[in-house]
Every structure is written in C-alpha cells, then in structure tokens.
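Subject: The structure I promised you

Hi,

Have a look at it first and then read on.

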Amino acid sequence: MTDESYIQLAIEIAKKGRGNVSPNPLVGCVIVKNGKIIGAGYHEEFGKDHAEINAINSATENLEGSTLFVNLEPCSHHGKTPPCVDRIIESKIKRVVIGTLDVNPLVSGKGIKALKNAGVEVKAGIQEKECINLNKFFFKFITKKIPYVTLKSAQTLDGRIADINGDSKWISSIESRRYVHMLRSQYDAVLIGAGTVKKDNPNLTVRLVEGRNPKRIIVDSNLSLTSASRLIKNNGDRKSIILTSVKSIKKEEKITRLNSLGVQIIYVKEESKGSLDIKDALKKLAKLNIASILVEGGNRIFTSFVSKNLYDDILVFVTPKIIGSGLSVVGNLKIRNIKKAIKLKVNRAETIGDDVLVELVK
C-alpha cells in the first residue's frame, strides 16, 4: 500500500468519532511495520486519548522503526491529554506521515518541528484536500471562533418548502429523512425558528438511524414559545437552547419555567425590526463549544443566514413534485437584478430515494 492509501484508511477510521469528539477534530491513525499494520486507533471521545495514543496502545509488536500515518498533525502541547509527539518519540517510531497541518495556533507546525528535532522523518500534505474536508467543522471553529453552518432544505421542484397552508409533511422521501437524521447525529446542533416550532412541533432528534441527539436551538426573539412544545416539554436530555432578545429578560415567570425544564436561554443583540443579530448568536453559541450547526428552517431563518452571508454550505433535497403556490425556501433578499444573484457552486449531487440531494458551496 502507498502513503496515500494509509492516510485514506486513517480518514475512514477517524470518521468513527463523528458526533463524539467535538469541538476537537476527527483523527484516525494507522501504524505500519514491514508492510503490515500493527496498530490503529481514532479519537473516540472529547477529553479522552487522541488517535495516536490509541494506535500506539493497540500495537501488536515493538514500534521501533515503524511508520505512523495520521490525517492531522500530532499535538505538541498539554491540553486535556499529554502531547502525542512525546509518546511517538518515546516509542522510537521512525517515520510519521501526516495528511494536513493543524490550524490550531497551539499546534500548527510545532508538532512537525518537535518530531524532526527528535530525528523522526516527517512527510506532510498527503491526501490534504480530503483531510481538510474531513475536519471542516473544526477548522472553521478554531480559526473564526464561530460554528460551521450548513443550511438544509427539502423542497419541491418549483422551490417550495411547504404548501399554501404551511404544510410540509412530507415533501421529501423516507430515504432523505433518514439521511437528515444521520446528519443530525454528526452536527453539534440543529437550528430552527419559533415559527417552524409552532407549525410543525418537531422533535429534532435522531430516530431513523443510530446516533446521538444534537443540541436543539430555537430562534425565538420574543420568547413566545410555550412549554407545550415538544422541544421544551421533552427536554430530558437538557439539550434545548432558546436564542432570544435582551428585551425578553423581563418575562421572568416564563424564564423561570423554561429553566426548570432544563432549557438554556441565550440573550442576543437585536437588529432592526426586532430580528436577532445572527452573528452575535453564533459567537455566543461558539462559547458553548458548539462547532457545527445544521439549520433546518424555516423561510425567515434561511433568509437571515443567506442575507448576512453567515453560512458555509447548503444541502438541498429536491423532490420531483410541483405544487405551484406555497412557501419558498428563501424570502426577499432585495436583489433586483439577475446579475447580482448570489452565485454558488455545485460540489456534488446524488440520488437519495426519489429525491436529488445537491450540495452547494460558496
């Protein structure tokens, strides 16, 4: 096998940590000696041993003279765990092949330097594009101090997310809904507006696949939701968060009730016309170690994120249905000329059930 093949294997192993390691990155590690894999591991849970340590601990024979493959630069600083480079050096590993450098200023380049200073042969930049994409949540979070944001919509062929009465069940196929549940298990949080809560009364949990439930964020500028909503009533895991305006602090009785049900309330700056400052909200959510958010609607929420350019990519499930009148995905962006349209690139497209999933990037 080639260096590229072993790094690709490290990437696949790293994916096992999805949903459990945030805000840390996904990391997989493979150790090879005499053409044979003698150890492998991945970062399994935030706060626990890193991938390199798990791989070293799993080794079936002496590590001296072996090659270690890892998708992300090994750490050289003390965090929740000791530096990985120290253990690599102590194990007398001869060569380290790295997918991409860590963008964390505490690590970037320092891990490689420490290894080289100890006489370890280092090769970096292998399958780099794939390694960066694997940790796009982490890279955005650590460099911009706000979460990675994906907008997700399910729409008809004519761009409607609900009919004229506001009914959206079910636009997409069961296969697409299962895919969305898988996505929920991988993002730190899902976000919707209070209007969607009132209309659909969703759970926003992971049910159609195995996986952990994300945090559930509701944008409710006036603190208008009642405790009858499922997201509030069924909050035994205490993962529901409400973003509201500073003005809402006056509603003391409701706040006390919501807090007693485990709902966390975050007060956000207001913009004009009573809408919340989305960027301020993202900064405050980042302080809760929320590194990735899947925005599931509705129309006003989508419009806010698009108009403020506060998203990283868009996932659109297009179903082969036409209904004519109804609610569009995005509202008025005050664009009056086709030449000023927001332009995106199609990153990939695939068929899921009866639908087509299109991934769009800026």
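Is Glu-44 buried, partly exposed or exposed? Glu-44 counts as partly exposed, because its relative accessibility is 42%. (Buried means under 20% relative accessible area, exposed means over 50%, and partly exposed is in between, using a 1.4 Å probe and protein chains only.)

Before the rest, a word on what you're looking at. This is a predicted model, where local features need pLDDT of at least 70 and side-chain atom pairs count only at pLDDT 80 or more, while totals for chains, interfaces and linings use all residues. Residues are numbered from 1 along each chain as its sequence is written, and side-chain values use heavy atoms, with hydrogens and water left out.

**The whole chain**

The protein chain has 12 helices and 16 strands. (Both are DSSP runs numbered from the N terminus: helices are H or I with at least four residues, strands are E with at least two.) The radius of gyration is 23 Å, close to the 21 Å that the globule rule gives for 362 residues, so the chain is as compact as a globular protein of that length. (That radius is taken over C-alpha atoms, and the rule is 2.2 Å times the number of residues to the power 0.38.) Along the principal axes, the C-alpha atoms fill a box of roughly 70 × 45 × 40 Å. Of the 362 residues, 49% count as buried.

Contacts here mean heavy atoms within 4.5 Å. Among the contacts with a separation of 6 or more, 71% are between residues 24 or more positions apart.

**Back to Glu-44**

You'll find Glu-44 in the loop between β2 (36-42) and α2 (51-57). Not counting residues up to four places away in sequence, Glu-44 touches Asn-20, Val-21, Asp-49 and Asn-54. Val-329 is 285 residues away from Glu-44 along the chain, and their C-alpha atoms are separated by 37 Å.

Another loop residue to look up is Ser-229, between β9 (215-219) and α9 (230-233). Ser-229 counts as buried, because its relative accessibility is 10%. Leaving out residues up to four places away, Ser-229 touches Val-197, Asn-201 and Asn-234.

**The cores**

In soluble globular proteins, nonpolar side chains tend to be buried together. The largest nonpolar core in this model has 32 residues, and those with the most contacts inside it include Leu-151, Leu-191, Ile-217 and Ile-293. (A nonpolar core is a set of buried Ala, Val, Leu, Ile, Met, Phe, Trp, Tyr and Cys residues joined through side-chain atoms within 4.5 Å.) A second, separate core has 26 residues, among them Ala-194, Val-263, Ile-352 and Leu-357.

Leu-282 and Leu-285 are among the buried residues of helix α11 (residues 278-286). Asp-277 caps the N-terminal end of α11, with a side-chain oxygen 3.1 Å from the backbone nitrogen of Lys-279.

Helix α12 (residues 299-307) has buried residues too, including Ile-301, Phe-302 and Phe-305. Just after α12, Asn-309 takes a positive phi of about 55°.

**Two buried strand residues**

Glu-296 is in strand β12 (residues 292-297) and is buried, because its relative accessible area is 14%. Which side chain does the side chain of Glu-296 make a polar contact with? The partner is the side chain of Arg-184, at 2.8 Å. (A polar contact is a pair of N or O atoms within 3.5 Å; within protein, one must be able to donate a hydrogen and the other to accept it, and residues adjacent in sequence count only if both atoms are side-chain atoms.) Glu-296 and Leu-151 are 145 residues apart in sequence, but 6.5 Å apart in space, C-alpha to C-alpha.

Gln-155 sits in strand β6 (residues 148-156) and is buried, with a relative accessible area of 14%. Its side chain makes a polar contact with the side chain of Ser-153 (3.5 Å).

**The cysteines**

How many disulfides are there? The count comes to 0, where a disulfide is a pair of cysteine sulfur atoms within 2.5 Å. For Cys-29, the nearest cysteine sulfur is that of Cys-84, 8.6 Å away. The sulfur of Cys-131 is 12 Å from the closest cysteine sulfur, in Cys-29, which is too far for a bond.

Cheers
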